Amino acid sequence: MSLFRRLHEDGPGDAMTVTITVDGVALQARAGESVAAAVLASSDPTSRAAPVGGAPRAPYCMMGVCFDCLMEIDGETNRQSCMVIVREGMMVKRMARPKAVTP
Amino acid sequence: MASCDLAVIGAGPAGMAAATLAAEHGLDVVVYDENPAPGGQIYRAIETVSLARNSDLAFLGESYRAGAALARAFRASPARFMPGTTVWLVQKDRAIGILRDGKAAMVQANRIIIATGALERPVPVPGWTLPGVMTVGAAQGLLKSAAMAPSSPVVLAGKGPLLFQLAAQYVAAGVAIAAILETGARPIAALPHVWPAWRSGTIGKGLALLRAIRQGGVNIIRNVVALEAEGRGRLEAVAYRTVRGTGRIATPLLLLHEGVIANAQLTKAIPLAHEWNERQQCWQPMLDADGNSDVEGIAVAGDAGGIGGAEAAAHSGRLVALAALKALGKIGRIAHEALAETERTAWQRHLAARPFLDALYPPPDASAQLADGTLVCRCEEVTAGQIREAVSLGCAGPNQAKSFTRAGMGPCQGRMCGLTVAALIARETGQSMSEVGHYRIRPPIKPLTVGELAALE
């Protein structure tokens, strides 16, 4: 189940009009929502794996401070998904733990 | 390089009020904000809610509604609003580095008003990095901007006006609350400060919130002294200890809050001179009565200069704008004095409530109970134990702790761990927070790609 739900039923002006893709899966969202909000209302609220230990992380502060909502958006890594508004066709990926560098 | 008379950084209550007044008096004003619309955090999405989701005002409440008039006046003013714009650099010569539409640029301002507001005090508890643990402010932002609320009964933990406001909003919206875990006791130390807080209307508002929460039948567990978020990969339960015993509540969502602190990231990066606020346990810029910093032409308004709340912030914004108008010769000394007097009186009436709130909801000691295994730096995953170990190896301050442990070197640039790391060092070494100091914050204060930087002329 999702962590957050939309209080309003779908109606005129409230329709889920925007479709984004998160890790290859289509996700419906409403215009004006941030990518992080759409992810928190989906069945998987995680945004990335922690870079050192690899544990899953989800958006935490929703105001551009904590950087736990970092995601890859339209090919650009490390975007703060709480500061990016959904756009039709947006390609979003959860960020994996960076690969270890071997000397 | 583009230029302007006055650059205002942040479009919350302080920034909107400052920009509106300054632009109406003939200054060329530019306002930068990272968000897509004015309002800041406190009035987040106020325009959308007023226009398209008017019925949500019923549960968002009166104090939120107050932001609509500020935003309307701001939009009607000649101030140039640049939403979606990140300020990543402010130099002492008032050159500003901005990032907009993936391109960096420099702007030269004659004067600058910094109105970057507040952020929530980080609350390190075991398990606070689990998905399902967020801040009260984060959840309130979702309620305001997207009309989103918890899917299952939620636990709120901590204390302070924002926590009780969100609880009252959830009750009014019919959203289930599993429990409020109120940390600490409401101390008697607040009593001497009751009268000014009453006069400012703060106590009346607070009591109304608490009444609404009680009438909603919310389970409030008080005197909570320890919290732990439990779960594997996701939050599953919140364990707590009160002075009487222990308990555990199964929930997928825990919202933490221990008050707010001045967002000093930009003011520290310039750097302006700062002082440690013992009562609010945070750093804030040293300002004169008009909000001027120690750097010529750079002033700070609203919560970024010390926590006063949204109403105080609007008056503070106008006060600082009046000082700018006087300095740039747009109003005379006598006109300034008359206008400033009104704003200063109103500002101080709202500020007078703070000693009561600060004493009623004292910030927790960030170092006392932290278990060695608890993460303090979320970005680089550094624990309290690693900081203590670094101190025992001779690490003398926060900046050394960075090189010892990597704490504060991640993308948040110490926003989430700075105060905790300093408090741990202060406790281990027996120094005060002023003596220990803070991370040296350096620009760019928001990450910038080389490609974005390449757009600079």
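Helices in this tour are DSSP runs of at least four residues, and strands are runs of at least two, both numbered from the N terminus. The model on the screen is a predicted one, and each stop below names what to select and what is found there.

**A glycine between two helices**

Begin by selecting Gly408(B), which sits in the loop that runs between helix H15 (398-405) and helix H16 (418-429) of chain B. Is this glycine buried or exposed? Gly408(B) is buried, because 28 other C-beta atoms lie within 10 Å, and a residue needs 20 or more to be counted that way. If you draw a distance from Gly408(B) to Val421(B), which is 13 residues away along the chain, the C-alpha atoms are 8.8 Å apart.

**The domains of chain B**

Next, colour chain B by its domain assignment, which gives domain 1 as 2-119 + 261-356, domain 2 as 122-258 and domain 3 as 375-436. Between domain 2 of chain B and domain 3 of chain B, the C-alpha centres are separated by 27 Å.

Select helix H1 (residues 13-24) and helix H11 (residues 310-327) of chain B, which pack at an angle of about 35 degrees with their axes 7 Å apart. The crossing of H1(B) and H11(B) is right-handed. On the H1(B) side, the residues that meet H11(B) include Ala14(B), Ala18(B) and Leu21(B), while Ala313(B), Gly317(B) and Leu325(B) are among those that H11(B) brings to the contact. Sorted by class, this contact has 14 nonpolar, three polar and one charged residues.

**Where chain B meets chain A**

Now show both chains, and look at where 37 residues of chain B are in contact with 37 residues of chain A. Which elements give two or more residues to the side of chain B that touches chain A? They are helix H2 (46-52), strand E7 (118-120), strand E8 (133-135), helix H6 (136-146) and strand E9 (148-150) of chain B. H6(B) gives the most, with five residues, and by class this side of chain B has 20 nonpolar, 11 polar and six charged residues.

Stay with E9(B), which pairs in the antiparallel sense with strand E1 (residues 4-6) of chain A over three bridges.

**Two alanines with positive phi**

The loop between H6 and E9 of chain B holds Ala147(B), whose phi is near 50 degrees, a positive value in a residue other than glycine. Ala147(B) is buried, with 23 other C-beta atoms within 10 Å. Then move to Ala45(B), in the loop between strand E2 (29-32) and H2 of chain B, where phi is positive at about 60 degrees although the residue is not a glycine. Ala45(B) counts as buried because it has 25 C-beta neighbours inside 10 Å.

**Cis peptide bonds**

For the last stops, select Ile270(B) and Pro271(B), which are joined by a cis peptide bond with omega near -10 degrees; Pro271(B) belongs to the loop between helix H10 (265-269) and strand E17 (274-277) of chain B. Finish at Pro443(B) and Pro444(B), where the peptide bond is cis and omega is about 0 degrees, with Pro444(B) placed in the loop between helix H17 (433-436) and helix H18 (450-453) of chain B.

Technical notes: Residues numbered from 1 in each chain as written. Chains lettered and ligands numbered in written order. Predicted model: local features only at pLDDT ≥ 70, side-chain atom pairs only at ≥ 80, totals over all residues. Domains from an automatic or database assignment. Contact = placed C-beta atoms within 7 Å. Nonpolar A, V, L, I, M, F, W, Y, C, P; charged D, E, K, R; others polar. Pairing = 2+ DSSP bridges. Buried ≥ 20, exposed ≤ 12 C-beta atoms within 10 Å, placed from the backbone. Axes fitted to C-alpha atoms, helices over the stretch in contact; angles between N-to-C directions. Left-handed = near helix turned anticlockwise from the far one by under 90°.
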